[in-house]
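User: Hello! I am new to reading protein structures, and I would like to go through this one step by step.

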Amino acid sequence: MGDSSYSFSLTTFSRTGKLLQIEYALNAVANGRTALGICAKNGVVIATDKKLASNLVETSQVNKLEAVNDKGSTGMVYAGLGPDYRVLVRKARKNAQKYVRMYEEDVPVSIMTKHAASVMQEYTQSGGVRPFGVSLLVAGLDYEEDGSTMVPRLYQVDPSGAYFGWKATAIGKNYVHAKNFLEKRFQEDMELEDAIHTALLTLREGFEGEMTSSNIEVGVVSLEDPVFRVLTQAEVQDYLDEAT
């Protein structure tokens, strides 16, 4: 009996030790639009391709980057299935509000990441559900181990519930080429402004058609301005003009 006999079961391992539904969820992620993140020494940038299938779609109503709360430092972007992402964003916002009410401070990005990973992991061992068909990049600020200062952090969360900290990474379509490009361009002492330009150059490498301020999104958070925000189209266009 081959692995195909287990392909419809989420909670049963195949003979080779795989949960095939999770692998299929990763395929859904790999078919999604490219998203990437870069952790600079003074902030984090996340960016994504949000090119739509039809010119008739109102692009201002399509958001792939989301802030977890209005005045918080954490933001998310995804590759994969948009409706699954909305569920995770809603759960993250509820958890962030609970944290604020309890501790009267913004939730650190590491705690937000662990919560999202726990939710996604739960959906890999429960009957009657399926894995989330998304991977997340979570950007924000966190405390140093001694708790004295804040530092920028970037995490990736996969459908299995596994999460990793990254200096720079990419998910979605063409993620392999994007990661290779980032490996060549990333520098440890990179400033946030340089990271934004590098993010746009990386997106452009595998972009289908013309890249404009309306078919990409860029979000940033910095130590100087510890509130995650999505750049306006005018701000994105300025960066695009500088890159040409």
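User: Where does isoleucine 171 lie?

Analyst: Welcome! Before we start, keep in mind that this is a predicted model. In this model, the place of isoleucine 171 is strand S8.

User: Is isoleucine 171 buried or exposed?

Analyst: The relative accessibility of isoleucine 171 is 3%. Buried means under 20%. Because of that 3% value, isoleucine 171 counts as buried.

User: Which residues does isoleucine 171 touch, not counting residues up to four places away in sequence?

Analyst: Let's go along the chain. Among the residues that isoleucine 171 touches are Arg33, Thr34, Ala35, Tyr78 and Ala79.

User: How far apart in space are isoleucine 171 and serine 160?

Analyst: In sequence, 11 residues separate isoleucine 171 and serine 160. In space, C-alpha to C-alpha, the two are 15 Å apart.

User: What about asparagine 174: is it buried, partly exposed or exposed?

Analyst: Asparagine 174 sits in the loop between strand S8 (168-171) and H4. Its phi is near 65°, a positive value in a residue other than glycine. Because its relative accessibility is 32%, asparagine 174 counts as partly exposed.

User: Which residues make the contact of H4 and H5?

Analyst: H4 contributes Ala178, Phe181, Leu182 and Arg185. By class, the residues of this contact are 4 nonpolar, 2 polar and 2 charged. From H5 come Thr198, Leu201, Thr202 and Glu205.

User: What length does helix H5 reach from its first C-alpha to its last?

Analyst: Helix H5 covers residues 192-205 and has 14 residues. At 1.5 Å a residue, 20 Å is expected. H5 is close to that, with a reach of 20 Å.

User: Which elements do the buried residues of H5 pack against?

Analyst: In H5, the buried residues are Leu192, Ala195, Ile196, Thr198, Ala199, Leu200, Thr202 and Leu203. As a general rule, an α-helix has 3.6 residues a turn, so residues three or four places apart point the same way. The buried residues of H5 pack against strand S1 (35-39), strand S2 (43-49), helix H4 (175-185), strand S9 (216-222) and helix H6 (233-243).

User: How is H5 oriented relative to H6?

Analyst: The axes of H5 and H6 are 10 Å apart, at an angle of about 75°. Angles of 65 to 115 degrees count as roughly perpendicular. The angle therefore makes H5 and H6 roughly perpendicular.

User: Which residues of H6 make that contact with H5?

Analyst: On the H5 side are Glu193, Ile196, His197, Leu200 and Arg204. The contact of H5 with H6 divides into 5 nonpolar, 1 polar and 3 charged residues. On the H6 side are Tyr239, Leu240, Glu242 and Ala243.

User: How far apart in space are isoleucine 216 and lysine 50?

Analyst: Isoleucine 216 belongs to strand S9, and it is buried because its relative accessible area is 2%. Leaving aside neighbours within four places in sequence, its contacts include Lys50, Leu200, Leu203 and Leu240. Isoleucine 216 and lysine 50 are 166 residues apart in sequence, while their C-alpha atoms are separated in space by 5.2 Å.

User: Let's turn to H2 and H3. In which handedness does H2 pass H3?

Analyst: The axes of helix H2 (residues 82-103) and helix H3 (residues 109-122) come within 10 Å and cross at roughly 135°. The two helices are therefore oblique to each other. As for handedness, the crossing of H2 past H3 is right-handed.

User: Which residues of H3 take part in that contact?

Analyst: H2 brings Leu88, Lys91, Ala92, Asn95, Ala96 and Tyr99. There are 8 nonpolar, 2 polar and 1 charged residues in the contact of H2 with H3. H3 brings Ile111, Met112, His115, Val119 and Met120.

User: Last one: is glutamate 104 buried or exposed?

Analyst: Glutamate 104 is in the loop between H2 and H3. Its phi is near 55°, a positive value in a residue other than glycine. Because its relative accessibility is 72%, glutamate 104 counts as exposed.

Definitions and conventions
Residues numbered from 1 in each chain as written. Predicted model: local features only at pLDDT ≥ 70, side-chain atom pairs only at ≥ 80, totals over all residues. Heavy atoms only, no water. Helix = DSSP H or I, 4+ residues; strand = E, 2+ residues; numbered from the N terminus. Expected span 1.5 Å × (residues − 1). Buried < 20%, exposed > 50% of the residue type's maximum accessible area, 1.4 Å probe, protein only. Contact = heavy atoms within 4.5 Å. Axes fitted to C-alpha atoms, helices over the stretch in contact; angles between N-to-C directions. Parallel < 35°, antiparallel > 145°, perpendicular 65-115°, else oblique. Left-handed = near helix turned anticlockwise from the far one by under 90°. Nonpolar A, V, L, I, M, F, W, Y, C, P; charged D, E, K, R; others polar.
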